[in-house]
Amino acid sequence: MNLTLQEALTITQGAFNAGVIESSKPLTVAILDSGGKLISLQRQDGASMMRPDIATAKAWGALAMGCSSRKLAVDAEQRPAFMTAITALADGNVLPVAGGILIKNSDQELLGAIGISGDLSELDELCAVKGVQSANLLTNE
């Protein structure tokens with residue numbers, strides 16, 4: 001089961017809307033399907049050039065490890081050698097900071113992941129959750 005392009009665009013718009021409400025800096029939203037392939041990557045005007053890579057790494061890490069990138073940040077603090085090894089195995093495509101979350105349907109089936117970068121990691125995560133909720137989908141956050 002995977003997200004559709006329309007669902008990904010709805011999530012992205014919901015995340016951008018949340019960013020407006022929260023007065024965030026320009027956001028970049030990456031949405032991956034359940035196999036880790038990019039469905040949508042949208043960058044607001046003014047977002048810096050590294051944001052697409054950061055957003056994608058947050059989503060990819062969440063998907064690859066089966067948990068939010070916030071949890072990966074906790075793991076990085078508690079088990080730094082483990083997280084360093086995971087990051088190396090993933091060719092640097094895992095970013096253990098908040099802003100990457102899993103996307104599930106009402107049956108708790110994994111559909112994909114979203115990663116957001118642009119503001120403080122906690123605000124990135126909040127916008128990701130709001131974006132997923134705007135498409136009537138679920139997260140574990």
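Modeller: A pairing between strands can be read residue by residue, and here Thr-28 stands opposite Arg-43 in β2; please keep in mind throughout that this model is predicted.

Biologist: How many bridges join β1 to β2, and do the strands run parallel or antiparallel?

Modeller: The two strands run antiparallel and are joined by five bridges. Together β1 and β2 make a hairpin in which four residues lie between the strands, and Gly-36 in that turn has a positive phi of about 85°.

Biologist: Turning to helices, what span should α2 have, given its 15 residues?

Modeller: The idea is to count 1.5 Å a residue, so helix α2 (residues 51-65) should span 21 Å, and this agrees with its end C-alpha atoms, which are 21 Å apart. Just after α2, Gly-66 takes a positive phi of about 75°.

Biologist: Which residues of α2 are buried, and what covers them?

Modeller: Buried is used for residues under 20% relative accessible area, and in α2 these include Pro-52, Ala-55, Lys-58 and Leu-63. Among the elements that cover the buried residues of α2 are β1, β2, α3 and α5.

Biologist: Where do the buried residues of α3 fall when the helix is seen down its axis?

Modeller: The buried residues of α3 are Ser-69, Leu-72, Ala-73 and Asp-75. They fall within an arc of 160° seen down the axis, so they line one face of the helix. That buried side packs against α2, α4 and β3, whereas the face turned away from it carries the exposed residues Glu-77 and Gln-78.

Biologist: How many salt bridges does the structure hold, and which parts of the chain does the pair of Asp-124 and Lys-58 link?

Modeller: The structure holds four salt bridges. In one of them the side chains of Asp-124 and Lys-58 meet at 3.0 Å, N to O, and this pair links distant parts of the chain, with Asp-124 in helix α5 and Lys-58 in helix α2, 66 residues apart. Both Asp-124 and Lys-58 are buried.

Biologist: What does the salt bridge of Glu-125 with Arg-70 tie together?

Modeller: The closest N and O atoms of Glu-125 and Arg-70 are 2.8 Å apart. Because Glu-125 lies in helix α5 and Arg-70 in helix α3, the pair ties together parts that are 55 residues apart in sequence. Glu-125 is buried, at a relative accessible area of 9%, while Arg-70 is partly exposed, at 32%.

Definitions and conventions: Residues numbered from 1 in each chain as written. Predicted model: local features only at pLDDT ≥ 70, side-chain atom pairs only at ≥ 80, totals over all residues. Heavy atoms only, no water. Expected span 1.5 Å × (residues − 1). Buried < 20%, exposed > 50% of the residue type's maximum accessible area, 1.4 Å probe, protein only. Contact = heavy atoms within 4.5 Å. Arc of directions from axis to C-beta. Pairing = 2+ DSSP bridges.
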